[in-house]
Amino acid sequence: ALSIYIAQTLIMLWVLYPPFMLGWYGQHSWATWMATALIVNALLLWGANQWVRHYDIAPVEWLWRSILAGRALPWRRAQRAPGQVGAPQ
């Protein structure tokens, strides 16, 4: 959730609307803002679902937990044996 929040903030506040990037602020109506937010959120949720298929933890959460643990935590899930149900022990 934290990675999605930060990605959404970067996209909306640092790419689409500031004057030094695309500069859309003040050029669109409320409905366009809502449609943009819906599209960005839908793409982020799709991307998050693709991410969790391959990785155990999101990038910002990984960084945060690695800092707290004092070591680099693993990114990928442990491989399961064929026919094994649930998380590996």
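Select helix H2, residues 30–54. Its 25 residues should span 36 Å at 1.5 Å a residue, and the end C-alpha atoms are 37 Å apart, which agrees. The expected span is 1.5 Å times one less than the number of residues. Helices here are DSSP runs of H or I with at least four residues, strands are runs of E with at least two, and both are numbered from the N terminus.

The model on screen is predicted: local features need pLDDT of at least 70, side-chain atom pairs count only at pLDDT 80 or more, and totals for chains, interfaces and linings use all residues. Residue numbers start from 1 along each chain as its sequence is written, and side-chain values use heavy atoms, with hydrogens and water left out.

Stay on H2 and select Thr36, Val40 and Leu44, which are buried. Buried means under 20% relative accessible area, exposed means over 50%, and partly exposed lies in between (1.4 Å probe, protein chains only). An α-helix has 3.6 residues a turn, so residues three or four places apart point the same way. The cover over the buried residues of H2 includes H1.

Thr36 counts as buried because its relative accessible area is 12%. Which residues does Thr36 touch, leaving aside its neighbours within four places in sequence? They are Met12, Leu16 and Tyr17, where contact means heavy atoms within 4.5 Å.

Next, select helix H1, residues 2–16. H1 has 15 residues and reaches 20 Å from its first C-alpha to its last, close to the 21 Å expected at 1.5 Å a residue. Ser3, Met12 and Leu16 are its buried residues, and they pack against H2 and helix H3, residues 59–69.

Show Met12, Leu16, Tyr17, Val40 and Leu44 together: these 5 residues make up the largest nonpolar core. Such a core is a set of buried Ala, Val, Leu, Ile, Met, Phe, Trp, Tyr and Cys residues joined through side-chain atoms within 4.5 Å. H1 and H2 are the elements that give two or more residues to this core. In soluble globular proteins, nonpolar side chains tend to be buried together.

For a surface view, select Leu2, Tyr5, Ile6, Leu10, Leu13, Trp14, Val15 and Phe20, which make a nonpolar patch of about 800 Å². Patch residues have over 30% relative accessible area and no salt bridge; like charges are joined within 9 Å, and nonpolar side chains (Val, Leu, Ile, Met, Phe, Trp, Tyr) within 5 Å. A salt bridge is a side-chain nitrogen of Lys or Arg within 4 Å of a carboxyl oxygen of Asp or Glu.

Return to H2 and select Arg53. Is Arg53 buried or exposed? At 61% relative accessibility, Arg53 is exposed.

Move to H3 and select Ser66. Ser66 is buried, at 8% relative accessibility. Apart from neighbours within four places in sequence, Ser66 is in contact with Arg71, Ala72 and Leu73.

Finally, show the whole protein. There are 3 helices and 0 strands, in the pattern α-α-α along the sequence. Of the 89 residues, 16% count as buried. The accessible surface comes to about 7,100 Å², of which 68% belongs to carbon and sulfur atoms; areas come from the Shrake-Rupley method with a 1.4 Å probe, and for residues only the protein chains shown count as cover.
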